[in-house]
Amino acid sequence: MIKVTTSKKATRAGNIAFTVVLSVVSIYLVLIIVTLVNVATGRYSGEVTKNGETYRYSEDKLPITMAELGVEADEDEYLYEETTSDKRRGLFASLHEYGDAYVKEDSEEGWLAEYSVDVFRSKSIYFKNKYEEKLAEMGEDGLTEVGGGEAFGCRIYKLGGNNSYWRYLKFEDCQVFIKCSWELSERQLEQLIKAYGF
């Protein structure tokens, strides 16, 4: 006859392990559900039909729109205005992407005018440097510092080459990449900084 023995220590360790695994799985399930709800409510919240085609688009809320920046377009020139606000979080960094576009057609670069703002936050010097390297690679000649940043409490760079409409703002607590289809004026840059609270 084989006698099976169990120890209280082993049982307690098993219970602890089971509780930890269950907690982690539950947290991930909650995060997945929250993400799905955000996608369902934030994406494709608008719809327009033109020439027999139905276009679905996002109407996320933005701190400031192109119209508020003074960039307007005749409604006959574009199908719809799409505003997007997406947040991605990692263990050591977060990236919040905002966008506003007057869309002419449902295809890549089918816009009349657009702007996007990416806000990168991290306490890690390594990840901050990696983000800056990534932006520098997007410019033909890397990053070139331009004046005027002192007034906004940051350092302002443009991406080299022909990307004169792209700006990289380096604040103490965040890094901001602004991409526009027009040359941002100093007043518009100030409006963006105030609206987003960098």
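Student: Is Y80 buried, partly exposed or exposed in this structure?
Tutor: This is a predicted model, where local features need pLDDT of at least 70, side-chain atom pairs count only at pLDDT 80 or more, and totals for chains, interfaces and linings use all residues. Residues are numbered from 1 along each chain as its sequence is written, and side-chain values use heavy atoms, with hydrogens and water left out. Buried means under 20% relative accessible area, exposed over 50%, and partly exposed in between (1.4 Å probe, protein chains only). Y80 has 5% relative accessibility, so Y80 counts as buried.

Student: Which residue forms a stacked aromatic pair with Y80?
Tutor: Rings of Phe, Tyr and Trp (its six-membered ring) pair if their centres lie within 6.5 Å, with planes under 30 degrees apart stacked, over 60 edge-to-face and the rest tilted. Here the centres are 4.5 Å apart and the planes 10 degrees apart. The partner of Y80 is Y57.

Student: How many residues apart are Y57 and Y80?
Tutor: Y57 is in strand β2 (residues 53–57) and Y80 in strand β3; strands are DSSP runs (E, at least two residues), helices likewise (H or I, at least four), numbered from the N terminus. This pair links distant parts of the chain, and the separation is 23 residues.

Student: Where is E77, and is E77 buried or partly exposed?
Tutor: E77 sits in the loop between α2 (66–69) and β3 (80–89). Its relative accessibility is 45%, so E77 counts as partly exposed.

Student: What is the C-alpha to C-alpha distance between V48 and L79?
Tutor: V48 belongs to strand β1 (residues 46–50). V48 and L79 are 31 residues apart in sequence, yet in space their C-alpha atoms are separated by 7.6 Å.
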